[in-house]
Amino acid sequence: MVASLNRYCQRIPSVDDQVGQEAARYVDTLTKPKGSLGRLEAIAVELAKITGHMKPQVSPPGIIVFAADHGIAAEGVSAYPQEVTAQMVHNFLNGGAAINVFARQIGAMLEVVDIGVAQPLAAPGLISRKVRYGTANFLKETAMSLKDAVAAIEVGIERAEAMIDRGIKSLIVGEMGIGNTTTSSAMLAAFLCGDTSGAYPGPDTTELAERMKGLVGPGTGVKQERVIHKQSVIARALALHRPNGQDPVDVLSKVGGLEIAGMAGAILAAARHHIPVIVDGFICTVAALTAVRLCPHVNDVLLAAHRSQEPGHQVALRLLNKEPLVDLGMRLGEGSGAAVAFPLVEAACRMIGEMATFQSAGVTDGEGA
Ligand SMILES: Cc1cc2ncn([C@H]3O[C@H](COP(=O)(O)O)[C@@H](O)[C@H]3O)c2cc1C
Ligand SMILES: O=C(O)c1cccnc1
C-alpha cells in the first residue's frame, strides 16, 4: 500500500468498548422492559462506542455523492447509456434526484463530487475533483493506475474531512456511475476469489463465470441474458488481470471505479474522526469492504442501512458480518437507502439521549431480562 495511505490508516482509532459497555448498562436503566426496544438498543450502544459518547448524536448527517464513469460500460452491461452519469449530476445539482428528496427530509448536508465523469463538467455547486475522465475498459486494460486509485481515495478523505469540519455527525456516501454494478461485482469477486490460491484459471473462464452467479445482478434492470453476459465479462477481466484480493488498491486499479475509491476514502475519514457511517446498498457496501480491507477495524463504524435487491449485496454484507436495518426492495444507489433508513438511527440516539430512567421518573423497576 502507498505510504501516505498506510500512515492515514494507522491513525484510525478503534471504537471505545468501555463507553459501549457503560451505554449498554445505561440503556437497561431506561423506563422500558429490558431489551424491549430491540435492535434500537443495540444501535444506540454501537453509536456510543463509535462516537465515544454515552449520548451520541447523528444529526446533522452529511451525504457525499461521488460521480464517475466506467469504461466497462462499452461492453453493454447497463440498461442505460453512459451519458446518464453526467445528466444525473445536473439533476443532483438541481435538487431533483431521489437522494435530494431524502436529503431534504432528514436535514442532511449534501455534496456532489465529480471524481471521474467521462466528460468535462462545470456547474454551480459541483465539487470538481476529476482524477481522470472515467476508467478504462477493464476487459481490455487495467481500469486505472495505482496512482489514480490512491488519488481517488484521497479525494474521498479530503471531502469527508471537509464535511466533518463543517459539523456533520454521521456520514452517508452515495454514487452515480453507469456500469458500476459490473465494477462492484468484479471487485467483490476479486475480494472473494483472490483470497484463495489458484483462484484464477487459465484461458477457459467458463467455470469462473459460473462462480460469478450469486455476485452479479441486473443493476439498472438488464434482462437475464445480459446478466449472464456481465458474468462472462467479469470472469474474463479477472482472468486477465488476476487482482490480489488482499490488496484493495490493486483491486481498485485493475477492476475498480473512481467513485468507489472515493467512497472508500470518505469512509476511512469518518472512522478516523469517530463519525458513524450509514452504509447504502450494493455499491456502497463494496466501497465499505474496500475500506475495511485497507483497515479492518473500520468495520466497527459501519451500520448497514438496507438490503438492496442486487444479489451481490447479500454476499458483501455477509463478508462484513452486517445485518441491514430495513429491506424495502430498493436498488437505486446514490445513498438513497441509507438516507431512508437514517430516521431509525436517529431514533436510537433519541432513545438513549432523551428517555427517562426508572429512577429519574420514579417508576418501579422489575426483573425483566
Ligand atoms: C436515471 C438513473 C439514476 C440513477 N441513480 C443511481 N443509479 C444507479 O444505477 C447505476 C448502476 O447500474 P448499472 O450498473 O446497471 O449501470 C449507477 O449509476 C447507480 O448509482 C441510477 C441509474 C439511472 C439510470
Ligand atoms: O444497491 C445498489 O447500490 C444499486 C443497485 C442497483 C443499481 N445501482 C445501485
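Predicted model: local features only at pLDDT ≥ 70, side-chain atom pairs only at ≥ 80, totals over all residues.

Trainee: How does the span of helix 9 compare with what it should be?

Mentor: It agrees: the 18 residues of helix 9 (residues 224-241) should span 26 Å at 1.5 Å a residue, and the end C-alpha atoms are 26 Å apart. The expected span is 1.5 Å times one less than the number of residues.

Trainee: Which residues of helix 9 are buried?

Mentor: Lys230, Gln231, Val233, Ile234, Ala235, Ala237, Leu238 and His241. Buried means that 20 or more other C-beta atoms lie within 10 Å of the residue's own; exposed is 12 or fewer, partly exposed is in between, and C-beta atoms are placed from the backbone.

Trainee: And what do those pack against?

Mentor: Helix 7, helix 8 (206-211) and helix 10 (248-255). Contact means C-beta atoms, placed from the backbone, within 7 Å.

Trainee: Switching to ligand 1. Which residues come nearest?

Mentor: Ser78, Thr181, Gly219, Thr220 and Gly333, out of 18 residues around ligand 1. A residue counts as near if its C-beta atom, placed from the backbone, lies within 6 Å.

Trainee: Which element gives the most to that shell?

Mentor: Helix 7, with three residues. Helix 4 (83-93), strand 4 (170-176) and helix 7 (180-193) each supply at least two.

Trainee: How does the shell around ligand 1 split by class?

Mentor: Seven nonpolar, nine polar and two charged. Nonpolar is Ala, Val, Leu, Ile, Met, Phe, Trp, Tyr, Cys and Pro; charged is Asp, Glu, Lys and Arg; the others, Gly among them, are polar.

Trainee: Now ligand 2. Which residues come nearest there?

Mentor: Gly281, Phe282, Ser308, Arg331 and Gly333, of 14 around ligand 2. By class, the ligand 2 shell has four nonpolar, seven polar and three charged residues.

Trainee: Which helix has the largest share of the ligand 2 shell?

Mentor: Helix 12 (residues 282-294), with three residues. Twelve of the 13 residues of helix 12 are buried, including Phe282, Cys284 and Leu294. Helix 12 reaches 19 Å from first C-alpha to last, close to the 18 Å expected.

Trainee: On to the strands. Is strand 1 mostly covered or uncovered?

Mentor: Mostly covered: eight of the eight residues of strand 1 (residues 61-68) are buried. Pro61, Ile63, Val65 and Ala67 point one way, and Gly62, Ile64, Phe66 and Ala68 point the other way.

Trainee: What does strand 1 pair with?

Mentor: Strand 4, parallel, over seven bridges. Strand 2 (residues 109-116) also runs parallel to strand 1, again joined by seven bridges. Pairing needs at least two DSSP bridges between the strands. Val65 has Gly174 of strand 4 as its bridge partner, and Ile64 has Glu111 of strand 2.

Trainee: What about strand 2 and strand 3?

Mentor: Strand 2 and strand 3 pair in the parallel sense over two bridges. Asp114 stands opposite Ser128 in strand 3. Seven of the eight residues of strand 2 are buried, so strand 2 is largely enclosed by the rest of the structure.

Trainee: Where does UniProt put the active site?

Mentor: At Glu334, in an unreviewed entry. UniProt positions are in the numbering used here, feature names are shortened, and annotations may be inferred rather than shown by experiment. Glu334 sits in the loop between helix 13 (312-320) and helix 14 (336-354).

Trainee: Why does Glu334 count as buried?

Mentor: Because Glu334 has 26 C-beta neighbours inside 10 Å. Leaving out residues up to four places away in sequence, its contacts include Val65 and Gly174.

Key:
Residues numbered from 1 in each chain as written. Chains lettered and ligands numbered in written order. Helix = DSSP H or I, 4+ residues; strand = E, 2+ residues; numbered from the N terminus. Contact = placed C-beta atoms within 7 Å.
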